Amino acid sequence: MKLFDGGRAPNPRRVRVFLAEKGIAIPLVSVDMGALEHRQQAVSSRNPLQRLPVLELDDGTIITESVAICRYFEELHPEPSLFGRGALGKAQVEMWQRRMEFNLLSCVAQAFRHIHPAMKEWEIPQIAEWGEANKSKAVEFLKLLDDELANRDFAAGDAYSIADITGMIAIDFMKPARIKVPEECENVLRWYQTVSSRPSAAA
């Protein structure tokens with residue numbers, strides 16, 4: 001088993017943080033995305049979308065998409081649970097994981113890809129207006145999240161989950177996307193300090 005890894009890019013990092021929380025160590029194959037190595041044969045032959053991370057199992061089976069990879073390891077190593085417990089707990093984690101992904105991480109990624117000069121050769125066409133529109137979308141979601149976090153410690157309830165991992169990584173990604181957490185979002189800032197202080201956040 002080996003994991004083709006893309007360094008500080010959000011989705012590869014999401015899997016590494018998840019594995020660190022589980023205490024799972026697997027061999028990593030470093031791929032330099034800045035040098036466009038993810039478009040070369042080693043990755044493209046395993047994932048035609050040329051995206052990372054890519055998990056290759058011992059029998060050659062390939063799993064792509066970061067949350068799918070995390071779900072695979074959750075089934076193999078159910079403790080600590082990062083996808084929730086019981087019908088309601090699992091549904092709540094799924095709900096907040098999707099909200100974090102679609103309303104925050106995706107918006108931050110679109111802002112970065114459509115505005116940052118380094119992405120000019122990656123995002124064709126690069127549409128600055130769309131990038132700016134996604135900045136405001138991300139900030140609006142943070143205000144909603146702030147209200148939610150007034151009543152609980154973590155994104156999906158009282159326990160840390162993959163929703164917190166996705167949210168933390170989205171906020172870290174806001175720096176290169178040139179988006180700031182509004183100062184009035186005190187609950188978001190408190191929550192972010194908590195989750196980013198976990199040892200796994202350094203993965």
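Buried means under 20% relative accessible area, exposed means over 50%, and partly exposed lies in between, with a 1.4 Å probe and protein chains only. The model on screen is predicted, so local features need pLDDT of at least 70 and side-chain atom pairs count only at pLDDT 80 or more, while totals for chains, interfaces and linings use all residues. Residues are numbered from 1 along each chain as its sequence is written, and side-chain values use heavy atoms, with hydrogens and water left out.

**Stop 1: the aromatic pair**

Select Phe-112. Phe-112 is buried, with a relative accessible area of 14%. The structure holds 4 aromatic pairs. Rings of Phe, Tyr and Trp (its six-membered ring) pair if their centres lie within 6.5 Å; planes under 30 degrees apart are stacked, over 60 edge-to-face, and the rest tilted. The ring centres of Phe-112 and Phe-173 are 5.1 Å apart and their planes stand at 55°, so this pair is tilted. Phe-112 belongs to helix H4 and Phe-173 to helix H6, so the pair ties together parts 61 residues apart in sequence. Helices (H or I, at least four residues) and strands (E, at least two) are DSSP runs, numbered from the N terminus.

**Stop 2: helix H4**

Select 86–115, which is H4. Where does H4 bend? The bend is at Glu-101, by about 35°; this is the angle between axes fitted to the seven residues ending there and the seven starting there.

**Stop 3: charges over rings**

A charge sits over a ring if NZ of Lys or CZ of Arg is within 6 Å of the ring centre and within 35 degrees of the ring normal. Select Arg-99 and Trp-96: Arg-99 lies over the face of Trp-96, 4.7 Å from the ring centre. Then select Arg-198 and Tyr-160, where Arg-198 lies over the ring face at 3.7 Å from the centre.

**Stop 4: the cores**

A nonpolar core is a set of buried Ala, Val, Leu, Ile, Met, Phe, Trp, Tyr and Cys residues joined through side-chain atoms within 4.5 Å. The largest has 54 residues, and Leu-104 and Val-188 have the most contacts inside it. Helices that each supply at least two residues of this core include H1 (10–22), H4 and H7 (186–196). A second, separate core of 7 residues includes Phe-4, Val-31, Leu-52 and Val-54.

Now select Val-188. Contact means heavy atoms within 4.5 Å. Apart from neighbours within four places in sequence, Val-188 is in contact with Leu-142, Leu-145, Asp-146, Leu-149, Ile-171 and Val-181.

**Stop 5: helix H1**

Select 10–22. Is H1 mostly covered or mostly open? H1 is mostly covered, with 11 of its 13 residues buried. Among them are Pro-10, Val-15, Phe-18 and Leu-19. These buried residues pack against strand S1 (2–5), strand S2 (28–30), H3, H4 and H6. Gly-23 follows H1 and has a positive phi, near 75°.

**Stop 6: two last residues**

Select Ala-203, in the segment after H7. Ala-203 is partly exposed, with a relative accessible area of 27%. Not counting residues up to four places away in sequence, Ala-203 touches Arg-8, Arg-13, Arg-16, Val-17 and Ala-20.

Finish with Gln-41 in helix H2 (residues 41–44). Gln-41 counts as exposed, at 58% relative accessibility.
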